[in-house]
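Thanks for passing this one along. Below are some notes to read with the model open beside you, grouped by region.

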Amino acid sequence: MISKKMQDALNEQVNKEFYSAYLYLAMSAYCNAQGLPGFSNWMRYQYEEEFLHVTKMYDYILNQGGSVHLKQIDEPPSEFGTPLEVFEATLEHEQFVTKCINELMGLAVDERDFATQTFLQWYVTEQVEEEANVNDILAPLRLVGKEGGGLMMIDQQLAKRVSPAPLAPAE
Ligand code: OFO
């Protein structure tokens, strides 16, 4: 079982993961409208990935006998600037999510909630990967700036991203 305080904190994080999905879907639509199908594709799969983060946490709350409370999701922006600015905003958002996950882990440690610490370790590792993936895209984007040929090459690379493997419901 989990404490009421931990249940509420996990429900808050479910809402943030939904917002992440919403944000990346908005970015996908924006990139599509900018004539960048590869960028749009990458963001579309990032959106799917966020739903996996939602589902995994939702299952954990239920499996621990907690109550799921789905809250209103904030509206994301619809304009994001240049492709470089899109990914800078992505990195900033992922760094924010990392901070939130670390705070959740801190709560689990304070409560000596070992099951939730083990559960959250997956998210700690996932955030390292998410930030690294975004940094790997930002590096060439900073090099090419607004140069058309270079941007098109990055767009072609991002078009290769495929759907994340679905998560099985937690046992
Ligand atoms: Fe992008 O990691 Fe969840 O929010």
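1. Is Cys100 buried or exposed? Cys100 is buried, because its relative accessible area is 8%, where buried means under 20% relative accessible area, exposed over 50% and partly exposed in between (1.4 Å probe, protein chains only). Cys31 counts as buried too, at 2% relative accessibility. The structure holds zero disulfides, a disulfide being a pair of cysteine sulfur atoms within 2.5 Å.

2. A word on conventions. This is a predicted model, in which local features need pLDDT of at least 70 and side-chain atom pairs count only at pLDDT 80 or more, while totals for chains, interfaces and linings use all residues. Residues are numbered from 1 along each chain as its sequence is written, and side-chain values use heavy atoms, with hydrogens and water left out.

3. Let me start at Tyr22, which sits in helix H1 (residues 4-33); helices (H or I, at least four residues) and strands (E, at least two) are DSSP runs, numbered from the N terminus. Tyr22 counts as partly exposed because its relative accessibility is 42%. Leaving aside neighbours within four places in sequence, Tyr22 is in contact (heavy atoms within 4.5 Å) with Ile73, Asp74 and Pro76. Tyr22 and Pro76 are 54 residues apart along the chain, yet their C-alpha atoms are separated by 6.7 Å.

4. With a relative accessibility of 30%, Ile73 counts as partly exposed. Apart from neighbours within four places in sequence, Ile73 is in contact with Asn15, Phe18, Tyr19 and Tyr22. For Ile73 and Tyr19, 54 residues apart along the chain, the C-alpha separation is 5.9 Å.

5. Next, Ile61, a residue of helix H2. Its relative accessible area is 0%, so Ile61 is buried. Not counting residues up to four places away in sequence, Ile61 touches Gln7, Leu10, Asn11, Val14, Gly66, Ser67 and Val68.

6. How does the span of H3 compare with what its 28 residues should give? At 1.5 Å a residue, H3 should span 40 Å, and its end C-alpha atoms are 41 Å apart, which agrees; the expected span is 1.5 Å times one less than the number of residues. Arg112 follows H3 and lies in the loop between H3 and H4. Phi of Arg112 is near 50°, a positive value in a residue other than glycine. Arg112 counts as exposed, because its relative accessibility is 62%.

7. Glu131 is placed in helix H4. Residues up to four places away in sequence aside, Glu131 touches Leu91, Glu94, Gln95 and Thr98. Glu131 and Leu143 are 12 residues apart in sequence and 19 Å apart in space, C-alpha to C-alpha.

8. Helix H5 (residues 148-158) has a clear pattern to follow on screen: Gly150, Leu151, Ile154, Asp155 and Leu158 are buried. Viewed down the axis of H5, these buried residues fall within an arc of 145°, so they line one face of the helix; the arc is that of the directions from the helix axis to the C-beta atoms. The exposed residues Met153 and Gln156 are carried on the face turned away from the buried side of H5. What do the buried residues of H5 pack against? They pack against helix H2 (37-63), helix H3 (83-110) and helix H4 (114-144).

9. Finally, the largest pocket, which holds about 180 Å³ of space. On a 1 Å grid over the protein atoms alone, a pocket is an open set of points where a 1.4 Å probe fits, with protein on both sides within 12 Å along at least five of seven lines, and lining residues have an atom within 4 Å of a point. The volume is the space filled by probe spheres set on the points, which are joined across faces, edges and corners. The lining has 13 residues, of which Trp42, Asn133, Asp136, Ile137 and Leu158 lie nearest the centre of the pocket. H2, H4 and H5 are the elements that give two or more residues to this lining. H4 provides the largest share, seven residues.
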